[in-house]
Amino acid sequence: MAAGTRALLLVVAAASCCSLLVAANPPAATVADVCKSTAFPVLCTATAGKQAERYHNVVDPLTVLEMQVDAFAKRTEAARAHVAEAAQTASPAARAKLDLCNSLYLDVLDNLGACRRAIGFKDAVTIRATMSMAAQDMQNCDEQFRQIGENNPMKRFDESLVEMSENCRSLSNMI
């Protein structure tokens, strides 16, 4: 009987230790946990969350920033594709502005490349600077259409890209 009691005590002791270890190690953060401190948390979670598997489900501010930059690049490429579609039915003045917007989107992609390099060095200052330049490019596209008094067919893209750049700036403050 004493051997059975000892075995039972060992099992109870082991279970107690394991429960203490679980309590000492809180569950890993989720993309939504990291994104809740950004300017646009729903957008951050929706766009970065799609990338989580590519990063082996590692979730920390730096990784979520990388996910957000990847999503930003995809959205910028989608904007460039929309420029080509919008140009087909645009007025000559609007077509010229769309060409300029396309050049600005290429600048954004260059800035995202610089941002990726800065992420590798955890250089938050450069990340914020590249995101500010990207946001300025979208605002410049919008301004072109205000100058000619026409609706910007890129407005929806520009707004979401500016919001994504704001999220990237927020995330850079966390690294």
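1. Helix α3 (residues 41–49) packs against helix α7 (residues 155–172) at an angle of about 90°, their axes being 10 Å apart. That makes α3 and α7 roughly perpendicular (65 to 115 degrees; over 145 is roughly antiparallel). Axes here are lines fitted to C-alpha atoms over the stretch in contact, with angles from 0 to 180 degrees between N-to-C directions. Helices are DSSP runs of H or I, at least four residues, numbered from the N terminus.

2. A note on the basis: this is a predicted model, where local features need pLDDT of at least 70 and side-chain atom pairs 80 or more, while totals for chains, interfaces and linings use all residues. Residues are numbered from 1 along each chain, and side-chain values use heavy atoms, without hydrogens and water.

3. On the α3 side, L43, C44 and T47 make the contact; α7 brings S160, E163, M164, N167 and L171. Contact means heavy atoms within 4.5 Å.

4. Now for α4 (residues 61–89): the axes of α4 and α7 come within 10 Å and cross at roughly 165°, so the two helices are roughly antiparallel. Residues of α4 in this contact include V64, L65, V69 and F72, and those of α7 include F157, L161, M164 and L171.

5. One more for your side-chain checks: the charged end of R156 sits over the ring of F157, 4.9 Å from its centre (CZ of Arg within 6 Å of the ring centre and within 35 degrees of the ring normal). Both R156 and F157 also belong to the α7 side of the contact with α4.

Key. Parallel < 35°, antiparallel > 145°, perpendicular 65-115°, else oblique.
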